[in-house]
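Please keep the sequence and the coordinates at hand while reading.

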Amino acid sequence: MACCLLLLFTLLLPSAADDDRHISVYSNAATYTLPVLSREGKDYVGLLELLDPLGAVSAQTEGRRWKIRYNRSAAEFTAGESRAHIEGRVYDMPAHFLLENGRGLVPLASLGPLLSRILGGPVTFHEVSRRVLIGSVAIHFTAQVAKREPPTLVVNFSSPVNPMISTEPGKLLMSFTRDPVVAPGSDFLTFDSKEIPSARYEENNGTARVTVNSGLPLFASFSNGGRTITISSAPQAASGAAPSSSPPAAQSAPPAQPAPAAPSSAVSPPAPALPAVPVRFFAIVDASHGGDERGAALTPQLAEKDVTLDFARALRQQLQGQGLPALLLRDSDSALTLDQRAILANRAHPAIYICLHAGPLGAGVRIYTALIPAGGKDNGPFRDWNTAQASFLPVSRAVSISMSEELQKTHILARTLTAPLRPLNNIAAAAIALEIAPSVSGGTDFDSIAYRQQIVSSVAAAVVSMRGQLEAGR
Amino acid sequence: MIPRHLTIGVCVMLVVAVAMGLYLWHMSSAAPAEGPVADTRPVAAPVSGNSEHVTLCVAYDDSGVLLSQGADVPLPEGRQQRAEELLRALLRLYLDKASPHPLSAGSEVRSVYLVDPGLAVIDLNSAFADGHRSGVLVEELTVASLVETLALNNPDINRVKILVDGKERETLAGHADLSNFYDVAAVNQMVEQLQPAQ
């Protein structure tokens, strides 16, 4: 009997473990989770189930071959082989495709480029935490401690959120399973407050989590249509009572839509709920290159694509900290074509588009505006694609001069130039590109946090100073 | 009973086959082991003609600038051939050991086509683009240097298109756009910005 129970337990254990592991998919069409399957020591996911909530999808099995059609895209896989054909183009997956009773399983590690090719748009895949963001759905946030009594941490999100909130001694945990919340510039945030000294962002098993650290029991309240979470110490703790050793009861966040009512335990009164409208980003920050496209080799170990992403995240944080909503076109090591970058940027109608590059030549920062190519003519209300930037050049140049001045104030060499650099000429908004060189010629301090912070602070200060002009040109 | 002459014939053929096999094995093992070496010599034959004084727009990586520089270059009669030789003279400068703006070995201008009215098409070889260093400034210097050198010596040119191995390419090495036509007037302004600070 004991042996039978042991055998049953052994058989059930892998499937139970599989059930616990899932992948979260966020898109404008749907947000859902799928189980992750372990096969041959690798993680797999069913492709049909993955695409089904996103659009019209059908699959057909012909012997070892498995064909799938999603909207107008067609892809073909062969059981036991890692080579796939998507829209007639070859794509090599990191592991074999598996076919189980007509169900096509693709390696989890291939999801980013695979979905990007099938869906024909940007896909951000956080492989370690198993989160897939399709299109520009990412929700960004900023966190600041308001200097009032009791000290209050105000977390502003770019869209309404609905996290599960729980508390542990010395911590308040916000778990975002259904919200595509992404990391701020740094995973570890520190605040100038003894009561709420820090917060940490982490992702795991399809869920993003923000942990707010404090020596006092904390309570959270929602306002601004679910876009703002205000965290402060409980009244008794704020009035000087010793922190309770027993954890307060866990709280569940109210639904984000319609506008949530603040829990009765809220310390700060909720602001009037706003209608849920899409966030209009003031700035689009574009980290150049990504995926297979590494860009310039800055050092033998450091690729341009990684440096631009670090700078882009820091710049977004800096801009949002100054009240300017900013969106990253890529927030992971994913590839976007130049046309895709231009389309996404133009669709967002930002006040400014900032593209980030890095190069080993020279020193300081070079600020580029577009070199408009020959030909091209607007046709009535339709702008010519290749010269869309032409009418925005004066304001783009004014921004580049302002940035140069701000950078020089901090003794960083800055130079304003024109460059034949796409997609600048395709952007119908103020558009500039930065090429970040080392602080001194021949240096390699691309990953210096102090240097990065100096640059993004100057760039953000220039954008803030030009805000009126940029808004007017929108 | 097998006829004697048939036995002798088969034996002779076997000996010949074995001997040929041994000879083939000897020849293949004697062949050099290393693969073909890339020929980095210029494709075009040296030009004989009268030397003429031309102006080259030369890129300097150290200071990130472009400088005009005179040179005496032997130029043939034909308009297109002159344009090709002009750019080859520029490339010789960049391929020199003391190059101010190094290009990869084997970089070459395959052809220059002058199409009226005012269009020049520069066809580079793949070694030029594939081996080019990646970066906004370094690629911009190359493109500006080529276009401006051509325009300085051919005032009729007002648009320039750059191809690689006869085909359109999106960028030179990840940055400088090669998908569009360059407006020479706009490139002139870009070159002005790339002059040394006064």
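The sections below take the topics in turn, from chain to residue.

## Basis and overall make-up

The model discussed here is predicted, and every value quoted for it is computed from that model. Chain A contains 9 helices and 29 strands, and of its 474 residues 53% are buried. Among the contacts in chain A with a separation of 6 or more, 64% are between residues 24 or more positions apart.

## The interface of chains A and B

The size of an interface is often given as the accessible area lost when the parts come together. For chain A and chain B this buried area is about 2,000 Å², with 59% of it on carbon and sulfur atoms. On the chain A side 23 residues take part, and they are in contact with 29 residues of chain B.

Across this interface the search finds 1 salt bridge. A salt bridge joins the side chains of A:R422 and B:E170, with an N to O distance of 3.7 Å.

## Aromatic pairs and charges over rings

A pair of aromatic rings is described by the distance of the centres and the angle of the planes. Over all chains the count comes to 6 aromatic pairs. In one of them, A:W66 and A:F77, the ring centres are 6.1 Å apart and the planes stand at 50 degrees, so the pair is classed as tilted, given that stacked pairs have planes under 30 degrees apart and edge-to-face pairs over 60. This pair links A:W66 in strand β6 (residues 65-70) with A:F77 in strand β7 (residues 73-78) of chain A, 11 residues apart, and both residues are buried.

A:F157 and A:F176 also form a tilted pair, with 5.5 Å from centre to centre and 50 degrees between the planes. Because A:F157 belongs to strand β15 (residues 152-157) and A:F176 to strand β17 (residues 171-176) of chain A, the pair ties together parts that are 19 residues apart in sequence. A:F157 and A:F176 are buried, and together with A:F141 and A:Y201 they form one aromatic cluster. Charged side chains are also found over rings: A:R467 lies over the face of A:F282 at 5.8 Å from the ring centre, and in chain B the charged end of B:K161 sits over the ring of B:F181, 5.4 Å from its centre.

A:S24, in strand β1 (residues 22-26) of chain A, counts as buried because its relative accessibility is 1%.

Beyond the neighbours within four places, the contacts of A:A351 include A:F282, the residue whose ring lies under A:R467. The buried residues of α6(A), among them A:L338, A:R341, A:L344 and A:A345, pack against β24 (283-287) and β26 of chain A. Just after α6(A), A:H349 takes a positive phi of about 45 degrees.

## Salt bridges

Side chains of opposite charge can pair when their charged atoms come close. The search finds 27 salt bridges over all chains. One of them joins A:R64 and A:E81 at 3.4 Å, N to O; since A:R64 lies in the loop between β5 (57-62) and β6 and A:E81 in the loop between β7 and β8 (83-86) of chain A, this pair ties together parts that are 17 residues apart in sequence. A:R64 is partly exposed at 48% relative accessibility, and A:E81 is partly exposed at 36%.A:D92 and A:R83 form a further salt bridge, their closest N and O atoms being 2.8 Å apart, with A:D92 partly exposed at 40% and A:R83 partly exposed at 42%. In chain B, the side chains of B:E85 and B:R88 meet at 3.1 Å, N to O; being 3 residues apart in helix α2 (residues 79-95), B:E85 and B:R88 are separated by about one helical turn. B:E85 is buried at 8% relative accessible area, and B:R88 is buried at 11%. Finally, A:E62, A:R65, A:K67 and A:E76 are linked in a network of salt bridges.

Key:
Residues are numbered from 1 along each chain as its sequence is written. Chains are lettered from A and ligands numbered from 1 in the order in which they are written. This is a predicted model: local features need pLDDT of at least 70, side-chain atom pairs count only at pLDDT 80 or more; totals for chains, interfaces and linings use all residues. Side-chain values use heavy atoms; hydrogens and water are left out. Rings of Phe, Tyr and Trp (its six-membered ring) pair if their centres lie within 6.5 Å; planes under 30 degrees apart count as stacked, over 60 as edge-to-face and the rest as tilted. Helices (H or I, at least four residues) and strands (E, at least two) are DSSP runs, numbered from the N terminus. Buried means under 20% relative accessible area, exposed over 50%, partly exposed in between (1.4 Å probe, protein chains only). A charge sits over a ring if NZ of Lys or CZ of Arg is within 6 Å of the ring centre and within 35 degrees of the ring normal. Contact means heavy atoms within 4.5 Å. Buried area is the accessible area (1.4 Å probe) that two parts lose on being put together, summed over both. A salt bridge is a side-chain nitrogen of Lys or Arg within 4 Å of a carboxyl oxygen of Asp or Glu.
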